[in-house]
Protein chains: 2
Amino acid sequence: MSTTDKTTVIAKATIARMGMYLRCLLSLQQQGVKTLSSRELAEMMSVTSEQVRRDLASFGRFGKRGSGYDVDRLRLEVEAIFGKGSRRWKCCIVGVGSLGTALLASRNIHKWGFRYVAAFDNDPAKVGTRIERVPVYAIEDLKAVVRKEQIAIGVIAVPGPSARAIARSLHEAGIRGILNFAPQVIREPEKTPVLAVDLSQEFLKLSFYIQRAEEKAEREEDEINASSHVE
Amino acid sequence: MSTTDKTTVIAKATIARMGMYLRCLLSLQQQGVKTLSSRELAEMMSVTSEQVRRDLASFGRFGKRGSGYDVDRLRLEVEAIFGKGSRRWKCCIVGVGSLGTALLASRNIHKWGFRYVAAFDNDPAKVGTRIERVPVYAIEDLKAVVRKEQIAIGVIAVPGPSARAIARSLHEAGIRGILNFAPQVIREPEKTPVLAVDLSQEFLKLSFYIQRAEEKAEREEDEINASSHVE
């Protein structure tokens with residue numbers, strides 16, 4: 001089995017965790033931490049250390065179990081998985097309401113090599129201005145600008161039902177991937193990944209964790225009261 | 001094994017997918033769709049139908065494989081997993097910059113029973129006003145307001161390094177769970193779940209999917225050229 005074959009079967013959940021490991025590692029670097037055990041990384045992430053080792057192993061790199069991981073080196077290696085270093089990702093954002101503005105203002109993505117080079121809106125008051133130094137164009141110019149600037153990633157942050165039409169335009173202009181923040185499901189155009197980001201999902205997940213944590217606490221109380229062990 | 005024991009071992013990834021199923025179901029209801037096969041749901045989500053069946057089965061409900069799922073009923077059942085119907089979730093937001101404002105403006109969470117009852121900021125120009133009809137209080141009043149209103153969920157949307165101190169205050173005021181949008185890792189206080197939401201992670205994930213899709217396309221081309229099958 002070649003490396004490429006292996007890459008294709010890595011689960012979405014693993015990728016999500018790899019991103020979170022990267023975030024932890026960056027934070028540790030900033031705090032001056034030099035080495036790290038899989039147990040420590042696991043604790044920061046609320047997963048098992050077995051999970052951490054399995055995740056890292058699924059990419060077939062990252063040595064040294066006994067002595068722990070070198071934070072600087074591990075960060076570089078995890079970054080390489082996401083293509084940092086090898087390329088820069090030009091992004092555009094469609095829709096600059098409060099969410100679009102918040103996304104443009106977020107400095108977070110710069111450290112991974114992403115940068116906005118264009119924004120689009122249908123509000124004539126915004127077109128021709130700059131928001132967070134990024135030029136705002138009319139939606140009609142979307143295809144031309146995406147082609148000219150060779151933009152890789154399109155971020156859809158429009159509130160309404162126009163998300164699908166925008167995705168189609170982005171696709172036709174040769175976009176390589178789409179992040180969709182709009183409350184509308186976009187089917188993946190052939191070979192162009194679309195990642196839906198629905199922040200209400202995070203609330204749902206949290207409510208589930210709260211209920212689980214509270215049920216667990218209740219159950220532990222019951223078990224103490226009953227003085228019995230359940231396997 | 002009781003239902004509660006089973007619930008505790010359900011993976012985070014499954015929960016994330018259940019939330020996405022719910023989103024799909026809501027969208028289908030709005031389009032007037034009445035029944036749905038696991039294959040159709042799988043296609044909308046870009047997962048396998050086996051995955052859909054396994055996910056739904058892990059909660060031990062949802063009948064009828066052959067004839068497909070009833071969309072209305074399945075939505076109600078999936079919602080029940082997340083506690084909708086059984087309770088309403090009062091939320092507060094700390095930090096009302098562009099991200100906080102975008103979150104307050106998002107109507108998305110209402111349908112799952114979440115609502116904002118308070119916002120907090122340290123900008124005197126904002127304190128005492130309402131943003132999206134939600135009253136804005138001073139950060140100093142956080143504990144008192146959270147206690148008085150019996151707020152369940154605290155959303156941290158401050159840009160800076162004050163996230164940890166805010167999490168501590170929320171915890172001390174009896175918050176039941178925290179959603180952290182700040183670029184700072186917050187360790188989970190005992191028995192209070194903290195869910196970190198880092199939007200830059202979505203960019204990282206997308207860049208991985210793009211690379212994988214492009215590698216796959218290249219490989220398929222190579223395979224056609226070589227006229228050979230690789231298992």
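Guide: One term is needed at the outset: two strands pair if DSSP finds at least two bridges between them. The model is a predicted one. Ask away.

Visitor: In S7(A), which residue is the bridge partner of A:Ile93?
Guide: Strand S3 (residues 89–94) of chain A pairs with strand S7 (residues 153–156) of chain A in the parallel sense, over four bridges. A:Ile93 has its bridge partner in S7(A). That partner is A:Val155.

Visitor: Which residue of S4(A) is the bridge partner of A:Trp89?
Guide: S3(A) and S4(A) run parallel and are joined by six bridges. In S4(A), A:Trp89 is bridged to A:Phe114.

Visitor: How many residues of S3(A) are buried?
Guide: A residue is buried if 20 or more other C-beta atoms lie within 10 Å of its own. S3(A) is mostly covered. Of its six residues, the buried ones number five.

Visitor: Which strands stand at the edges of the sheet in chain A?
Guide: Seven strands of chain A form an open sheet with mixed pairing, in the order S5-S6-S4-S3-S7-S8-S9. An edge strand here has a single partner strand, so one side of it is left without a neighbour in the sheet. The two are strand S5 (130–131) and strand S9 (194–196) of chain A.

Visitor: Is A:Val117 buried, partly exposed or exposed?
Guide: A:Val117 sits in strand S4 of chain A. Leaving aside neighbours within four places in sequence, its contacts are A:Lys90, A:Cys92, A:Glu149 and A:Ile151. It has 16 other C-beta atoms within 10 Å, so A:Val117 is partly exposed.

Visitor: What distance separates the C-alpha atoms of A:Val117 and A:Ile93?
Guide: Along the chain, A:Val117 and A:Ile93 are 24 residues apart. Their C-alpha atoms are separated by 8.7 Å.

Visitor: What is the phi of A:Gln150, and where does the residue lie?
Guide: Most residues other than glycine have a negative phi. A:Gln150 is not a glycine, yet its phi is positive. It counts as exposed, because it has 12 C-beta neighbours inside 10 Å. It lies in the loop between helix H7 (142–149) and S7 of chain A, with a phi of about 50 degrees.

Visitor: Does B:Glu132 count as buried, partly exposed or exposed?
Guide: B:Glu132 is another residue that is not a glycine but has a positive phi, of about 50 degrees. Its place is the loop between S5 and strand S6 (134–138) of chain B. With 16 C-beta neighbours inside 10 Å, B:Glu132 counts as partly exposed.

Visitor: In chain B, what angle does the direction of helix H8 make with that of S7(B)?
Guide: Strand S7 (residues 153–156) of chain B pairs with S8(B) in the parallel sense over four bridges. B:Gly154 has B:Ile178 as its bridge partner in S8(B). Helix H8 (residues 163–172) of chain B packs on the sheet, touching strand S3 (89–94), S7, S8 and S9 of chain B. Its direction makes an angle with that of S7(B) of about 170 degrees.

Visitor: Which residues touch the most other members of the largest nonpolar core?
Guide: Nonpolar side chains tend to be buried together in soluble globular proteins. The largest nonpolar core here holds 133 residues. Beyond four places in sequence, B:Ile156 has contacts including B:Val94, B:Ala163, B:Ile178 and B:Phe181. The residues that touch the most other members are A:Ile156 and B:Ile156.

Visitor: Which element gives the most to the side of chain B that touches chain A?
Guide: The contact takes 59 residues from chain B and 58 residues from chain A. On the chain B side, the elements that supply at least two residues each include helix H2 (12–30), helix H6 (98–105) and helix H9 (199–226). That side divides into 32 nonpolar, 16 polar and eleven charged residues. The most comes from one helix, with 19 residues: H9(B).

Visitor: At what angle does H9(B) run to S8(A)?
Guide: H9(B) lies across S3, strand S4 (114–121), S7, strand S8 (177–180) and S9 of chain A. Relative to S8(A), it runs at about 150 degrees.

Terms used: Residues are numbered from 1 along each chain as its sequence is written. Chains are lettered from A and ligands numbered from 1 in the order in which they are written. This is a predicted model: local features need pLDDT of at least 70, side-chain atom pairs count only at pLDDT 80 or more; totals for chains, interfaces and linings use all residues. Two residues are in contact if their C-beta atoms, placed from the backbone, lie within 7 Å. Ala, Val, Leu, Ile, Met, Phe, Trp, Tyr, Cys and Pro count as nonpolar, Asp, Glu, Lys and Arg as charged, and the others, Gly among them, as polar. A nonpolar core is a set of buried Ala, Val, Leu, Ile, Met, Phe, Trp, Tyr and Cys residues joined through C-beta atoms within 7 Å. Axes are lines fitted to C-alpha atoms, for helices over the stretch in contact, and angles run from 0 to 180 degrees between N-to-C directions.
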